[in-house]
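Here's a quick tour of a protein model, with the sequence and structure coming up next. Keep them open while you read.

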Amino acid sequence: MPEFGSLCLILSLIVAAWSLVACSLGALTHSRSLIRSGERGSLAVTTILSITSACLLMLFLRDRFDVEYVASYSSRAMPTLFKVTAFWGGHAGSLLLWVLVLSVFSAIVILQNQRQNRSLMPYVVATLSGITVFFLILLNFTSDPFERLGFTPADGKGLNPQLQTPLMAIHPPCLYLGYVGVAVPYAFAMAALMSGRVGDVWIRTTRRWTLFAWLFLGVGLLLGGYWAYIELGWGGYWAWDPVENAALMPWLTATAFLHSVMIQEKKRMLKIWNMSLIILTFCLSIFGTFLTRSGVISSVHAFAKSGVGTVLAVFLGIILTFSVTILTWRLPRLQSEGRLDSFVSRESSFLFNNLLLVGICFAVFWGTIFPVLSEAVRGVKITVGPPFFNTVNFPLALALLALTGLCPLIAWRRASAQHLMRVFLYPATGALAVFLLLLTFGMRDLSPLVAFTLCAFVLGTVIHEFYRGSRARQRATGESFPAAFAKLVGKNRRRYGGYTVHVGVVLILVGVVGSSFFRQETTFTLHRGESARAGPYTLRFEDTTSSSDENMDQFTAVLGVSRDGRPAAMLRPGRNFYKSFNQPSTEVDIYSTLREDLYLILIDFDPQTGLATFKSYLNPLVNWIWIGWMVIFLGTQVAVWPNPRERALLARARLIEERSIA
Amino acid sequence: MSLRVSPKIAISLVILMAAFSILVALSFRGTMVYYLTVSEFLSHPPSDLDGHFRVNGRVVPGSITRQTGVLGASFQMTDGNEKLPVVFRKELPDTFVDEAEVVVEGNMREGSFEAHTLLAKCPSKYESQKKANYSPSP
């Protein structure tokens, strides 16, 4: 069976290479049969890779430890769910999942575009096949998941217990849907450049792909953060770890891209910028894919030694050279048709929003690769820690937040003072009220004060927008307010979906600011029956329980939590000891409310003295981060929902494109 | 250029870029930390960044000593050549076990390295290229 898997991998490489060659030649010679053959080849790759993946999955389910990859990430005692998810527990399997997702996306693109975008398609398929070929080369020659050990160990090494949670099971695939999803708009962008059809057809065609990729990158970030929060036991959710940064960067540039394409669609400006952004986003998602599993950033030496690092550098080099070359070649066709006139116009506020997003991305990138750079340049490794990222990004994020409030309200071209007064009066008043309220309640720290005020301002503008729009519609049509509201959103899904996403972002920032500026830590040691205080909470150490099986020893402390004298919850933080890993595992327990989380860990228990040491974190508002993500999810659903108006605009864009080519 | 902008906007862009560069440079200053191996740290610690270091190595098996009632542990870490005694007085991550790869941040104090942060690498998140060492079943 492993031999069959390896065979499938080689076969898929050959077919994908054919697909690349056929589509490229087909595009050059305008040969329909070649193009069709290339497309069919790509569909065949999807089928073969599905079989290959099924094969690897079977190896996991059958405990075939003679295969090195299976032996490294699975073990007999693991539940079936985690045997399945061990598929992407390591580098080779992750690559296979990546290329499988890519081939499925390619197939969907081909099936969607059998009658449309025919002049773009050969280039699209060629680009996607090119990426597929690269990943298949890696799988075949450097990281073969079917590689045999040459002997059969009695048991596998198993998956690290910290990773054995459903969250970690779905976190990588979500992130991959995002990373790989970016490849589709990238392929269309390249196709637009190569075919010379650089209007906004490629943007409108891939709008939902981009949103989809962006959303899943976000969901991946959310799941990763949430997992760290409930599993790692340090009370936080984000540490500016290179792996986290790697997923954040393409998300940031994709966010910039989602905004700037609107300028191109409306004003036919920023065309080069959009091309550059999608190229950048794709490069960052490739960078992220490799960083996540190979840990290349930890040292230049590791980077040079692990074959993956070299291959990554080569591949990124090829993508960049290729993309920039054809972009430069097509520069004359990418002339802007509009002009930025006014400071206070939506165009320029979008431009500033883009600069800020890219600026944040650049700062994160710089901080992430700084150790490698300094080692390469000065021979000594210098790192920058979380303080760097926080200091740089906080003011940038505030500026971005302010723009989030301002931007949608400023009119296109040039906004009048009168108009500004009208739309800003209420939100600004609301923000001022929040500011004064916070001052009265004793908040004196400037940074969170400004941040919360801006959050209130953005929320105010969005609510005001929804209200104004519905009122205007109500007046014009005579519908009831709820009906007017529903129709308003229904007819302008993209706009109001976008506003909803902004609300989600604000909620996330509220949670981040609350939990980073007002976090309280307490450490206390108790006998049974004793109590300690943590902020408004009293924690009474009631009892302990323990159990043991062949997999692990479990030990749990039971604490009664009361707030202001009233019983609130029972918390059960614990420590498990996984025998096969010779490693303890902290089991966090959280009393979670909208106001704050009481996050409790058991650090130590001494059976002789009966003394238990606990650490508690009070994390204000942290729940709003997860709620914010759900709001973003909802808003994105509203924005991607198919919409006759968008379809009409796409049809019109195609028509314009055909005319300008003819 | 395809992006035609008015001089006013162009100037403000330049100012923004400058502000951004200054922000990055300033943020960098206070947070730069040397990242060294145990041997590098012991032989010639550079002294230009206000005496703060990040050192990586592996936990020497059997060297971890914990005291009841006191948080953290003292242990030795090594890069294969030299050994460095380390004291850490906060709660330890789960991944801190014998032979774990650790990164500590802090400085020397009274003959041992006093760390204020300790990271221990999660074993299967970063996959090294080395072959796994199994014992073949009989």
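Predicted model: local features only at pLDDT ≥ 70, side-chain atom pairs only at ≥ 80, totals over all residues.

## Domains

Chain A is split into domain 1 (1–150), domain 2 (168–403), domain 3 (416–516) and domain 4 (520–620), with bounds taken from an automatic or database domain assignment.

Residues are numbered from 1 along each chain as its sequence is written, while chains are lettered from A and ligands numbered from 1 in the order in which they are written.

## A helix pair

Helices H18 (residues 446–477) and H19 (residues 481–491) of chain A have axes that come within 8 Å and cross at roughly 110 degrees. Helices here are DSSP runs of H or I, at least four residues, and strands are runs of E, at least two, numbered from the N terminus. Axes are lines fitted to C-alpha atoms, for helices over the stretch in contact, with angles from 0 to 180 degrees between N-to-C directions. H18(A) and H19(A) are therefore roughly perpendicular, a label for angles of 65 to 115 degrees.

## A four-stranded sheet

Chain A also has an open, antiparallel sheet of four strands, ordered S2-S11-S10-S9; strands pair if DSSP finds at least two bridges between them. S2 (520–526) and S9 (589–592) of chain A are the edge strands, each pairing on one side only. Seven bridges tie S2(A) to S11 (residues 611–620) of chain A, and A:Gln520 stands opposite A:Leu618 in S11(A).

How values were computed: Parallel < 35°, antiparallel > 145°, perpendicular 65-115°, else oblique.
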